[in-house]
Amino acid sequence: MTDRRTRYPGPIAEAKDHPHTLVEQGFAEDAALAAVLDRYPAELFDINLYDYDDEGQVSLRTGARGRLSGEDLLEAIKQGRLWVNMREVQTGWPELWAAAMKDFAAIQANYPGMRAVRNAGQLILSSPKARVPYHFDAAGVVLFHLRGRKRIFVYPGDEQHLPERNMEQVVARQTTEELPYVLGFENDAQVMDLEPGRALTWPLYAPHRVENLDRFCVSLSMDFQTWPSRFRNGALFTNAVIRSRGGRPRFTDGMATPELAARWAASLALKKVGAMRSKIANFERDFEPEVGVADGAGQLTAAR
């Protein structure tokens, strides 16, 4: 993959894996995971079930943390088809975060000019046959893999694979991160298998999807923002507001840094006055994890 595969400049031009030290420090062992599941704030859990049709189109169900102990919740994830994101690792598991930031510094040193100004992360626990649909992240990403095996499909960041109007909607929190997908995109994918102890980077905004390879998986997904990515995200938000009011803004890939910075500044003011309210702040939860049931998804406690 070369940097011609994306229209958004950045220090990372292709998907590449790097070593990390989190596995040898014990963060992916059952006892450590069960303990952190017991104490992690329920409001920081995203528990998802994805279903796919023959054309690769996805439907999403969301779940609640539920009543299980950490040990039983871990077992439900291992047995089911769940994808569990534990947000804000920097506060939920500070020991893991401190270790990950050391490894991030070593990875960042491989990319001249890359200067993260903000980092955030989520711990991902996922069932052996779980898959994450085609989507993009509105940040740079380092995916630290700790347990199991994952296959990552990384696609070009051109208008065909990454329509900027869809990007605007995601950045403005009008939709989730999923993008329009067709099976023909598979001909354009860079495919990489990720083993424990390896961390994967890819170009800013690159669309991607993930398949677990029949094993329970543990990963830490670390988002990072640079000033260029913050400027572009702000410009995307401002464009979403302009478009929602009938305007036809220029795509950001045609903007130089001063214009991107100006639109970022405008986005701060627009957010302050509530120019575009989030449509994804609250999802209806329709299951909670349970051991021994199909997909690991049982009825909500309140429905019993």
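1. Rings of Phe, Tyr and Trp (its six-membered ring) pair if their centres lie within 6.5 Å; planes under 30 degrees apart count as stacked, over 60 as edge-to-face and the rest as tilted. By that rule the structure holds twelve aromatic pairs. The model is predicted: local features need pLDDT of at least 70, side-chain atom pairs count only at pLDDT 80 or more, and totals for chains, interfaces and linings use all residues. Residues are numbered from 1 along each chain as its sequence is written, and side-chain values use heavy atoms, with hydrogens and water left out.

2. Take Y134 and Y155. Y134 lies in strand β6 (residues 131–135) and Y155 in the loop between β8 (150–154) and α5 (164–171), so the pair ties together parts 21 residues apart in sequence. Helices (H or I, at least four residues) and strands (E, at least two) are DSSP runs, numbered from the N terminus.

3. Are these two tyrosines, Y134 and Y155, buried or exposed? Buried means under 20% relative accessible area, exposed over 50%, partly exposed in between (1.4 Å probe, protein chains only). Y134 is buried at 3%. Y155 is buried at 0%.

4. F136 and Y205 also pair edge-to-face, at 6.0 Å centre to centre and 75 degrees between the planes. This pair links distant parts of the chain, 69 residues apart: F136 is in the loop between β6 and β7 (140–147), Y205 in the loop between β10 (198–201) and β11 (208–212). Both residues, F136 and Y205, are buried.

5. Ring pairs also build a cluster from Y134, Y155, Y181 and F185.

6. Next, charges over rings. The criterion is NZ of Lys or CZ of Arg within 6 Å of the ring centre and within 35 degrees of the ring normal. R65 places its charged end over the ring of F45, 5.4 Å from the centre. R230 lies over the face of W227, 4.6 Å from the ring centre.

7. Now the sheet. Eight strands form an open, antiparallel sheet in the order β1-β10-β7-β12-β5-β4-β2-β3; two strands pair if DSSP finds at least two bridges between them. β1 (16–19) and β3 (58–63) stand at the edges with a single partner strand each, so one side of each has no neighbour in the sheet. The twist averages 25 degrees from one strand to the next; axes are lines fitted to C-alpha atoms, for helices over the stretch in contact, and angles run from 0 to 180 degrees between N-to-C directions.

8. H18 stands opposite A199 in β10.
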